[in-house]
Amino acid sequence: MKKLCLPKGRRRNTVTLLLVTALAAVLLVGNLLLPYALRRANVYIDITSEGLYTVTEAMEKEIAELESDVEILFLADEDRLLDHGLLRYVYIMSRKLAEESEHISVRTVDILEDPTAADAFKTAQGTVVTSTDVIVHSGGRHKILSADSFFATEENEYVSYNGEYRLATAILSVTTYPSGPYAYFVTGHGERYYVEGDAGSDPTLSAFAELLGDTGLRVGKLNLDEVDAVPDDCVLLIFVGTETDYSAGDIYDYNSPSALKKLDEFLFRKKSVMFFRDALGAPLPNLEDYLAEWGIGFTPTRLSSPEESLADNLTGEKNGDRLIAAYPDKDYDAPGYELVKDIASLMTPPKTVFANAMALEQTRDNSPVYISESTSRSVCPVFYAGEKAEKRDKDGFGGKAKDGERYILAMMGMEATLSAGEYRHAYVFASGSTQVISNEYLTDGAFGNADVMASVLRSISRTDVYASGDVGGFDLNSSMYGGKWFDETHLSTEEKNTVFHSQDSWSEYAQMTAGRVLAVVIAIFITPLIIVPLVGTAVLRKRKNR
């Protein structure tokens, strides 16, 4: 082998110096490219004390039995995700999950560059999807998660990262019902329903059944008196125009539970129910007593407001029966507003029509009522009649609402239970009109009924399947918070997470304590630049003294 011969004297020292300089330059370039290379290979050195970039064994076990393909979609490019104070954890974890399971994939689109890239997940007029949202979808079903939903907060500071649990729950929720969960029209007490191909179906409800399908629900019918319990694959029960009352039964008779007991057990599983009734409907004492426990009351009345209604299709006159509903107040009716905010927040919200409507009433105020240590119930209006609306009972008695009050057309009862660091909800939606879901108003784009009902259905047709409480981190999920508690990492909720910004030049290592950041920078970048020149200088002096 031919030996490398260096010239003697000054030329030898010059060549040696050049070689040392070249080696230092190579090391410098290598160090500068190292983070990029690690990123492309999805190698992230987790030196955070909380293990924020480490996927736990519980999470690996949770996704091991996954059979359906799932895509985790981020709505910004990779550089922005890694520079973001919150999303970097979620993005890196998602990439690692994709390596663990062949059924999980990760994709990024930049909706700032291409605003239409996420349009497939906007299921109603006015729906807003931001660049800091994360979309988990499979087989036509999806969950949209905001960046801060992966964290627990306390006193204006993020206190733990629960990204594994949130993602595991989202993945299970979109894959547990491969063919889609069921929405059942309840029958047996004079209720109307629509199931395609069923001879007893009411054709005026076909558009509503189609809307249920568009929401990802399969549609069927169910007689509560004829089943032992509501099927496990059901997430929504729908009562349309109930004419005869249900038996209250004996709540302690577990061998032969009543229909209302089955309904109560269904809602205890954190599912949802919708009730639609018309003006001057027959009294239903048992059913109404049950709904009163959820804060919902029906009154045997008819609402009318000629000045705040649509004209009759045949006569062209305003008889006051086709009421144009008023949207809830953003501040006072916060839960009700959240339910329809995509529509209500538009510059000119479309008209939502409640025809042949009765007035609903709250059996208690908007304040939550605790029914156990961890469970509370509250109620809130969703739609009002106009300020000039009057109600009349079957004998013609009634009148306008009191000053400062309005008659309610639709309302929502909510039950929230705190479990594994999050609130799990059951919903009871009640409408004083069955016509609000009739074909006449759902199929006419001039009205807001279809968008409003789509928004309500998306919110209450609960398909959440919760991950194991062991998923989340080295600390067990407590009743208050879950996931990986921040020991040394500090994140303020005052960050503007709707925009991307860099908090650290080397975003893979951002949010570490200052000492750890300094140690990494010294070890990877500074030390080689010091060692190489020192070694080169020592070699030159040794050769000079020969």
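**Entry 1: a charged patch**

I began with two helices, α2 (57-64) and α4 (87-100), each of which supplies at least two residues of a negative patch. Helices here are DSSP runs of H or I with at least four residues, strands are runs of E with at least two, and both are numbered from the N terminus. I noted that the model is predicted, so local features need pLDDT of at least 70 and side-chain atom pairs count only at pLDDT 80 or more, while totals for chains, interfaces and linings use all residues. Residues are numbered from 1 along each chain as its sequence is written, and side-chain values use heavy atoms, with hydrogens and water left out.

Which residues form the negative surface patch? I found E57, E60, E99 and E100. A patch takes residues with over 30% relative accessible area and no salt bridge, joining like charges within 9 Å and nonpolar side chains (Val, Leu, Ile, Met, Phe, Trp, Tyr) within 5 Å. Asp and Glu count as negative, Lys and Arg as positive, and His and the chain ends are not counted. The charge is placed at CD of Glu, CG of Asp, NZ of Lys or CZ of Arg.

I picked E99, which is found in helix α4. Its relative accessible area is 54%, so E99 is exposed. The cut-offs are under 20% for buried, over 50% for exposed and partly exposed in between, with a 1.4 Å probe and protein chains only.

**Entry 2: the whole chain**

I looked up the secondary structure of the protein chain: twelve helices and 23 strands. Of its 546 residues, 49% count as buried. The accessible surface comes to about 26,600 Å², and 52% of that belongs to carbon and sulfur atoms. These areas come from the Shrake-Rupley method with a 1.4 Å probe; for residues, only the protein chains shown count as cover.

In helix α6 (residues 206-214) I found A207, F208, A209, L211 and L212 buried. Their cover includes β7 (182-187), β8 (218-223), β9 (234-240), β10 (272-276), α10 (439-442) and α11. Just after α6, G216 takes a positive phi of about 100°.

For helix α9 (residues 334-344), the buried residues include Y337, L339, V340 and I343. What covers the buried residues of α9 includes β17 (375-384), β20 (408-419), β21 (422-431) and α11 (449-460).

I stopped at S378, which is found in strand β17. S378 counts as buried because its relative accessibility is 17%. Leaving aside neighbours within four places in sequence, S378 is in contact (heavy atoms within 4.5 Å) with W294, R364, N366, P368, M412, G413 and M414.

**Entry 3: salt bridges**

How many salt bridges does the structure hold? I noted 13. Each is a side-chain nitrogen of Lys or Arg within 4 Å of a carboxyl oxygen of Asp or Glu.

E415 forms one with K270, the closest N and O atoms being 2.8 Å apart. E415 lies in strand β20 and K270 in the loop between α7 (259-268) and β10, so the pair ties together parts 145 residues apart in sequence. Both E415 and K270 are buried.

E415 also forms a salt bridge with R377, the closest N and O atoms being 2.7 Å apart. This pair links strand β20, with E415, to strand β17, with R377, 38 residues apart. K270, R377 and E415 are linked in a network of salt bridges.

My last pair was R392 with E390, whose closest N and O atoms are 3.0 Å apart. R392 counts as partly exposed at 33% relative accessibility, and E390 counts as partly exposed at 28%.
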